[in-house]
Amino acid sequence: MIHSLFLVNSSGDIFLEKHWKSVVSRSVCDYFFEAQERASEPENVPPVIPTPHHYLISVLRHRIYFVAVIQSEVPPLFVIEFLHRVVDTFQDYFGVCTEAAIKDNVVVVYELLEEMLDNGFPLATESNILKELIKPPTILRTVVNTITGSTNVGEQLPTGQLSVVPWRRTGVKYTNNEAYFDVVEEIDAIIDKSGSTITAEIQGVIDACVKLTGMPDLTLSFMNPRLLDDVSFHPCVRFKRWEAERILSFIPPDGNFRLLSYHVSSQNLHPLRSASLVAIPVYVKHNITFREGSSQGRFELTLGPKQTMGKGVEAVLVSSQLPRGVLNTNLNPTQGTYTFDPVTKLLSWDVGKINPQKLPSLKGSMSLQAGASKPDENPTINIQFKIQQSALSGLKVNRLDMYGEKYKPFKGIKYMTKAGKFQVRT
Amino acid sequence: LPPRTRTCSDLFLLSSRNDDLKEMLESNKDSLKLDAMKRIIALIAKGKNASELFPAVVKNVASKNIELKKLVYVYLVRYAEEQQDLALLSISTFQRALKDPNQLIRASALRVLSSIRVPIIVPIMMLAIKEAASDMSPYVRKTSAHAIQKLYSLDPDQKEHLIEVIDKLLKDKSTLVAGSVVMAFEEVCPDRIDLIHKNYRKLCNLLVDVEEWGQVVIISMLTRYARTQFTSPWREDGLFDENSETAFYESDEKKTENEDEKKSYMMDPDHRLLLRNTKPLLQSRNTAVVVSVAQLYWHLAPKHEVGVITKSLVRLLRSHREVQYIVLQNIATMSIQRKGMFEPYMKSFYVRSTDATHIKSLKLEILTSLANEANISTILREFQTYVKSQDKEFAAGTIQAIGRCATNISEVTDTCLQGLVLLLSNRDETVVAESVVVIKKLLQTQPTQHSDIIKHMAKLFDNIAVPMARASILWLMGEYCERVPQIAPDVLRKVAKSFTSEEDIVKLQTVNLAAKLYLTNSKQTKLLTQYILNLGKYDQNYDIRDRTRFIRQLIVPNEKSGALGKYARRILLAPKPAPVLESTYKDRDRYQLGTLSHTINTKASGYLELSDWPAVAPDQSVRNVEVIEPVRIHLYLYCPFPLTIQALHQGWPMSTQTFNTSSSEVESDEEKSSSQSSEESDKSSSQSEKSSSESDSEQKKKTTKKPPQKKTVKPTAKDRYHTIMKYTTLSNQPFFRSYLSSLGSRLHGFVPKKCLSRSLCFSLYTHPCPLSCAALLQVSGPAFVPEKSHDLLHRMTGKGLSAQYQFPRQPCLYQPSMVSVQISLTNTSDRPLEQIHIGDRSPTGLNMHCFNTIECLLPEASVTVSLGIDFNDSTQAANFQLCTKEDQFSVSIQPAVGELFLPITMTEQDFRQEQGKLSYSSATITMAAANTTSQPISRQVATVANLGVVPSGQDNIHRFAGKTASTGAVVLVTVELRGESTALITINTEKSVMGPMLLRDLKRALAQA
């Protein structure tokens, strides 16, 4: 299926290649470079590029293109999903997935890629299995290996490969048994000029960090499972049980993993309220004007909390792509710092925490190119924020129980709301 | 692009470095070698050529250091193709590793061996693949499935042999193998649908537990399969629903015929099975799995069921950019045919300023497809924002989308047109140009009322530079010149001035305009036309020269012009059909959704066409695989429970919920079972022999531990829970397991489908081999137990102790692989014998379960004890010493081959199926006169061998089935009567020694007078 893989950095150099079948010349990437040149932004490179003899399927992560070479029909998502899995694995192993990290660990990278695909078909993509085959590099292990002469490569077939719980290895041991669950919700919204909501959706995930000895069997139940409109599970979750009882029952993988992602439909949220809209936690007052014939524009922006259930809005970051005609800005923030890049025309304002008593604002003027006509469109404002200890949808975990092991684990559940793609049109 | 060539100094560096690497590789220290290999791998990763080091590297292929070895493998696979001769040096190492006891080493040896693309070793690869395909480890079998594809690409001539291996692996029941072998199937022989039939249901049922990547491959294969095997579920469902009721009440005769035809559609249960078993996978975290299920539903499900995929597809829009791209493409194709599916999710397709350009245009595409009378105003308002976008390419796309909405929904045509006209005053040229083009198309659909718009556009002509837009305006002028008689000649005048500097497309339209005006208004434009035609005559572009010549001949009357001149007006000013504005995704549905071909909209190499539904479904019975009912009960009633708990003990937890449900179900089933067992006890008087042995064994159980299946007591679920908890420790012991299996064999009943639930399957898989074998082949009670006993120790040689043994033909309680032997010991002397026990045995590895030491055997007393002996499926005698306090006697038990079997139940069909897989030996004999009817034959065969009778449809054929105790290999015996007294005995088994031996015994028994 997947013939070869090329890693290309942002300046267009191939810095790693791996072939699983016959070697494909790296000149095949020229088609990719062509497409890269045509694209105005790195994101605009089409994910699937046909060439006379091959097809190139690429993903862009951490400013590295992972270009897979395909020779015949294969579901493109199969390849895309796999490439993302490769990136996730690298991140898992090296902490970051950068060109430098990959170059430093090129042997481990090669060993990983060798295990992940056989003849182009995925062999082992489960991080638990891979970690038994190839141990992640740590300083301690490197030192130990040089002294004892042992290696990073496992000699036995990982227990997970053959088991029906491939995601968990056997013989896990911890002195402190703990299980943490983070319920993280992201709100995606488009707010129009007048402040009314065009669309708003909540997407949530439950990320878990489970460090439990042995083979624990966990169940997690919700106070209000009906909120969840559409869900996708880690393979460990027993689907039948969810269907029947709306309870998550699973044998967790060891370490960090994403247990569940869900979608809260806007209809389900407030069944009593007629307006079936998601509560929008912040509002923006804006006044951005360009006048015809004037080289000055006005810029005013004020943020305020709204429907936050008493929780503070933190880590607020405002960014906006100003029109090409804007030469520079002269703005005063009441709090935080702002930057404007005259080349990319990107304005970003790191607000920090919103104090409801003293609302943060950014006011001032923009200088425009003399003689240029007034821009057609006002810029869109993207906002990022976080609200700790609250899940916007109101989803609540009822209880977490453990079966199959005797000890008492430490359990913790954290809630957080974040802005996803939160855009305000002005 | 900068040429990526290596400079001279680079080469020099590389070669000097290589020297040092070579030394390192040839040193004695593993650490040095490892360092060298790591550097070499780094070179390969960078795409540098390291092939010169091949001889030095290949020497290390047999290294003990596993990391070093792995890196050498990587190197070898990379360069073996270039250095074929040297690569051959490594082959023997792999051949040796293929026999390694460590499955990981076997697997990786096969991986590397099959990855070396050297044609000479094809036969070796073939052999290795065949062997690995029947390896014990499913991981190795998986690797062999991968190797099939590699060998096929290296040497397509091996296809037939490889198909055999694929066929074998398709039958594999491991979830690990399923995905890989289907992949091999798709690559090597996708047209051999017949190989799938028998495995279809198994694949459907395993699907949930197969790893994600395998799921994708299997689902796409099953989609193709289903389209060839089932009839279409798409008989206009909607129509059916509407009509059904009226038809019923009216009892209209005209309609009944129609009705019958519609009602006659019944979905094949196998078709339903596929749909049902794939649905949960919509919840997978793997986006490729979700989309493959979505396409399966799209191509296979009845129209009203396709809706279930909507939510999941919309969910994927939150995923990575590349995923969004593919998902949106598929939605775009779907939304053209089925607007209703995605309309409720319209807002999910609203464009954000941060989206990539190709995502934006796909969203636009979908929004346009979703537009209808009800939502058009919302969509148009949204489009207004997009038109103002800074991304002008996107704005232009929006204008086209507005055009499409305007033509599709007549209510908004005017509004759209006005909106577009407003855009004509936009500052951005691309926006204006695109508007002109779209307006032109819209005007064509309803030209009557819009002369003011045409005038407005004529005014714009001076300011617009985009050729396509200029050409469009010129065309509009010409087409509707009669509606703007004042302006059109003026436009022609302007364009005549700039003719030479215009683009080709504008020139062509200028010539057109001139011709049309000449015909309608020759007074004003005659000279202008002449001028333009003259310019055109000498244009550089031959298209324009051609067109000019043609037009001149057509419109300017001269002596040479033929009959066409008369029709010039009708030719040029003919009413033209309005262009249809339609989606570029309109015809994409000819490709299977989710495929690469669908994405690139051309047929990718290796694309497998989805066939149309057959008009008549092919034979459904080809998929029938007889499931042996008792097996299921056996699994369900007894295994889940103790095994669950056992699993817990092995660190394999199950949820309490499983406990509760299964315990309640166990109870209900148990009531059934208890009633059955009481029935059994009623009958017991008639079946004295059998039930006595049964009650015997039960008795034994009671004395050791109380069995859970007590007839009279009906404990509550909770009690039972505790009782069974107590038994968990037992469940680890072999005898308990076989006890369970023997009990299971006697119970019959209904088993709900649920019993194959995921968790249960889990618990079964974790189980060691013997039980799963037992699970597959149901052991039944013996058909006949010969009373013949054999002398083990004569009283003379035994100094008063005499021993006789017989084979009770019961499954051994101690270990399923053992054969049970009953020994009756009698003291014929006049003093008590003390401490009778078993001493040394030979062969030393003999696996034997001894009886407990008999402390004292009084004179004239006798005692019966039972032994378990694992004969290892051979008739080799088991030698051991029978000891008393003072003496030791060497004795031996030599089993007849027939005693090494356990009878199994199977249906005739299964029997035939199994028969095909096994090698056979046969003989024709003359039967003794007494043996020509069925009773004696069964009797004789059952006497010789412990086999179960298989019900037979024909009178002259008698079938018997069993499996060997130790390895569980199937043994099938067929006795076919031919004529008066001849019979053909056929024995099918993979045991090449036991087969002929059994044949000999049977021949003797049946032929004897």
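This is a predicted model: local features need pLDDT of at least 70, side-chain atom pairs count only at pLDDT 80 or more; totals for chains, interfaces and linings use all residues.
C883(B) takes part in no disulfide. The cysteine sulfur nearest to that of C883(B) belongs to C850(B), at a distance of 10.0 Å. A disulfide would need the two sulfur atoms within 2.5 Å.

Over all chains, a search of the whole structure returns zero disulfides. In chain A, C97(A) has a relative accessibility of 2%, so C97(A) also counts as buried.

## Helices α28 and α30 of chain B

Two packed helices are described by the angle between their axes and the distance between the axes. In chain B, helix α28 covers residues 487-497 and helix α30 covers residues 522-537. Their axes come within 10 Å and cross at roughly 30 degrees. Angles under 35 degrees count as roughly parallel, and α28(B) and α30(B) are therefore roughly parallel to each other. The crossing of α28(B) and α30(B) is left-handed.

On the α28(B) side, the contact is made by P489(B), L492(B), R493(B) and A496(B). On the α30(B) side, the residues are Q524(B), T525(B), L528(B), Y531(B), I532(B) and L535(B). Sorted by class, the contact of α28(B) with α30(B) comprises seven nonpolar, two polar and one charged residues.

## G179(B) in helix α11

G179(B) is part of helix α11 of chain B, which spans residues 175-188. The relative accessibility of G179(B) is 0%, so this glycine counts as buried.

What does G179(B) touch, leaving aside its neighbours within four places in sequence? The contacts in chain B are V210(B), E211(B), G214(B), V217(B) and I218(B), and F121(A) of chain A is also in contact with G179(B).

## R224(B) in helix α13

R224(B) lies in helix α13 of chain B, residues 212-229. Is R224(B) buried or exposed? With a relative accessibility of 11%, R224(B) counts as buried, because the limit is under 20%.

Terms used:
Residues are numbered from 1 along each chain as its sequence is written. Chains are lettered from A and ligands numbered from 1 in the order in which they are written. Side-chain values use heavy atoms; hydrogens and water are left out. Axes are lines fitted to C-alpha atoms, for helices over the stretch in contact, and angles run from 0 to 180 degrees between N-to-C directions. Helices (H or I, at least four residues) and strands (E, at least two) are DSSP runs, numbered from the N terminus. Angles under 35 degrees count as roughly parallel, over 145 as roughly antiparallel, 65 to 115 as roughly perpendicular and the rest as oblique. A crossing is left-handed if the near helix is turned anticlockwise from the far one by less than a right angle, and right-handed if clockwise. Contact means heavy atoms within 4.5 Å. Ala, Val, Leu, Ile, Met, Phe, Trp, Tyr, Cys and Pro count as nonpolar, Asp, Glu, Lys and Arg as charged, and the others, Gly among them, as polar. Buried means under 20% relative accessible area, exposed over 50%, partly exposed in between (1.4 Å probe, protein chains only).
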